[in-house]
Amino acid sequence: MALGFKRGRLRFLSALTGCQYAADNSRKRYAGDLRRAFRDEQSEEPRRPILSRLRSSDNSQRSFSNWSRAVQVWSKTTLKSLLIPGGILLLGIAVLVSSGWLTLALPALGFLYYCALIGGMLLAWRFHSSRSFFALVVLFLAQEAVALSGGALAWPGTPGWTAVRAAALLVPLNFVLIALMQERGFTISAIAPVGLFLFVQSVIVAVLCVGAGMQASVARPHHPSTAIALPGYALPIFAAAGVFLLVRFLLTRKPVDSALLWSLSAYFLSLRLVGAPRFSMVYSATAACILAASIIENSYLLAYHDELTTLPSRRAFNDALLRLQNPYSIAVVDIDHFKRFNDTYGHDTGDQVLRLVAAALSRVTGGGQAYRCGGEEFNILFPGKTTAEVVEHLQKLRLAIESSEFRIRSGDRRQVSRGPDRRNARAHGRARKGQAIRELSQEKNPAPVSVTVSIGVATSVKDATDPDVVLQAADKALYRAKDNGRNRLETASIPSRRSRVKAAGIA
């Protein structure tokens with residue numbers, strides 16, 4: 001028994017000693033950690049988190065600057081497309097009218113009005129712009145209704161007053177409906193409902209004007225004035241329609257929506273000055289000219305801008321090459337593995353990639369202008385810049401595209417095909433409905449996908465300013481970037497004419 005007690009005591013002492021030894025080791029390790037932490041605090045190591053925070057702040061500042069730059073570019077282009085040509089044209093006419101420089105007689109102004117109206121309709125028919133065509137028809141019907149009803153003598157109770165009230169209500173309403181229409185060309189199924197709708201409106205207005213003429217008493221003495229008092233609902237209706245058209249333009253940024261806004265504004269001034277036939281005819285002609293000019297502007301955009309990415313197209317790039325002066329740089333940008341990406345995820349996703357890259361290219365710094373020259377290939381022009389001056393901006397562009405991500409939309413979730421045997425397969429569909437619901441509930445968001453680009457850049461030399469030579473050199477640099485692993489920038493050097501002559505002489 002004593003022997004057992006001694007053994008238990010020895011185990012207890014050894015366990016106690018081991019615990020004390022472990023505690024001492026832990027204290028030593030803790031003290032060592034404290035000493036190392038103190039040495040690290042005195043050394044350069046603690047600065048790394050600060051640098052990382054500085055880098056993160058730099059990244060946030062860079063992203064904020066990129067965002068602000070994108071907002072500036074968007075606001076500049078949007079304001080330009082909003083004011084040109086409709087806003088500038090209306091402002092110029094208003095200055096001429098208010099200053100008294102417009103001295104044309106009423107017959108000459110009427111001739112200009114019909115020229116603008118007929119010319120705009122012909123342009124709309126030729127370029128399949130049904131919305132502009134119907135807007136011109138609305139202006140024509142309103143102007144004729146007011147003129148035939150004696151709009152200059154628009155006293156309350158007269159046919160002219162009835163026509164003015166109807167125009168103040170129907171023209172803004174029709175412009176809003178035209179803005180909501182889809183461009184469907186001049187097929188019978190597209191123009192018949194709209195034509196019938198406008199015809200019914202014209203008949204109703206004509207009946208109301210005739211009724212007002214029959215009920216009118218003896219004509220009151222009238223003194224023409226430059227403005228008449230429009231009905232109380234005219235200004236709110238025109239203002240609401242103008243706000244709607246402005247919002248519509250900011251969403252679509254199409255010239256037709258901008259033209260509808262400025263044409264409606266011009267017609268409001270025409271209706272406001274209906275007591276002065278010359279001024280009223282001037283603003284009516286301006287409204288028609290704005291719509292006709294929008295057709296030309298839209299045709300220009302289709303010819304010189306890419307519809308998918310909204311970047312200038314190859315034709316605009318070729319025109320820009322003719323205006324270049326030495327020195328200048330040309331960068332060729334190509335999306336890496338775009339064909340494989342397009343085949344894997346589909347053409348819709350490929351279009352999303354093109355828009356994503358184009359949006360980044362439109363924000364390139366350093367005075368560059370991006371162009372889409374076909375497929376997944378883009379060109380950037382840097383007038384007055386050399387390779388050394390544009391490399392940093394192109395590297396920022398490449399990194400910005402690499403860091404941008406987007407998610408692929410999931411595919412079709414339909415479980416049973418829509419065919420003639422769909423009813424026969426309804427029983428099987430009920431059996432698999434629970435399984436399909438469980439699979440959909442367990443579906444996770446797809447992983448984000450990113451794209452990269454390869455860039456080749458070349459700069460003109462003093463005695464070799466041919467843009468084709470510079471473009472070929474940039475294209476070779478692009479192929480070199482592709483061969484060296486993609487997602488990189490390569491520069492090209494163009495040999496001068498003298499060096500080529502010397503090389504040919506030596507050979």
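I began with a definition: buried means under 20% relative accessible area, exposed over 50%, and partly exposed in between, with a 1.4 Å probe and protein chains only. By that rule threonine 310, at 60% relative accessibility, counts as exposed.

This is a predicted model, where local features need pLDDT of at least 70, side-chain atom pairs count only at pLDDT 80 or more, and totals for chains, interfaces and linings use all residues. Residues are numbered from 1 along each chain as its sequence is written, and side-chain values use heavy atoms, with hydrogens and water left out.

**Confidence.** I looked up pLDDT, the predictor's confidence in each residue, from 0 to 100. The chain averages 77, and 68% of the residues score at least 70. Residues 33–60 fall below 50, and this stretch has three contacts beyond near neighbours in sequence. A contact means heavy atoms within 4.5 Å. Residues 498–507 also stay under 50, with two contacts beyond four places in sequence.

**Backbone.** I returned to threonine 310. Its phi is positive, about 65°, although it is not a glycine. Threonine 310 sits in the loop between helix H9 (277–304) and H10. Helices (H or I, at least four residues) and strands (E, at least two) are DSSP runs, numbered from the N terminus. Histidine 337 has a positive phi too, about 55°. I found histidine 337 in the loop between E1 and helix H11 (338–345). Its relative accessible area is 37%, so it is partly exposed.

Next I noted cis peptide bonds. One joins asparagine 326 and proline 327, with omega about 0°. Proline 327 is in the loop between helix H10 (314–322) and E1. Another runs from isoleucine 84 to proline 85, and proline 85 lies in helix H2 (residues 47–99).

**Alanine 331.** I placed this residue in strand E1 (residues 328–335). Is alanine 331 buried or exposed? It is buried, because its relative accessible area is 0%. Beyond four places in sequence, its contacts include Phe378, Leu394 and Val457. Alanine 474 is 143 residues away in sequence, yet the C-alpha atoms are 6.1 Å apart.

**Helix pair.** I checked H5 (residues 159–180) against H7 (residues 234–252): they pack at about 15°, axes 9 Å apart. Axes are lines fitted to C-alpha atoms over the stretch in contact, and angles run from 0 to 180 degrees between N-to-C directions. H5 is therefore roughly parallel to H7, since angles under 35 degrees count as such. Among the residues in contact are Phe175 of H5 and Phe244 of H7.

Notes. Angles under 35 degrees count as roughly parallel, over 145 as roughly antiparallel, 65 to 115 as roughly perpendicular and the rest as oblique.
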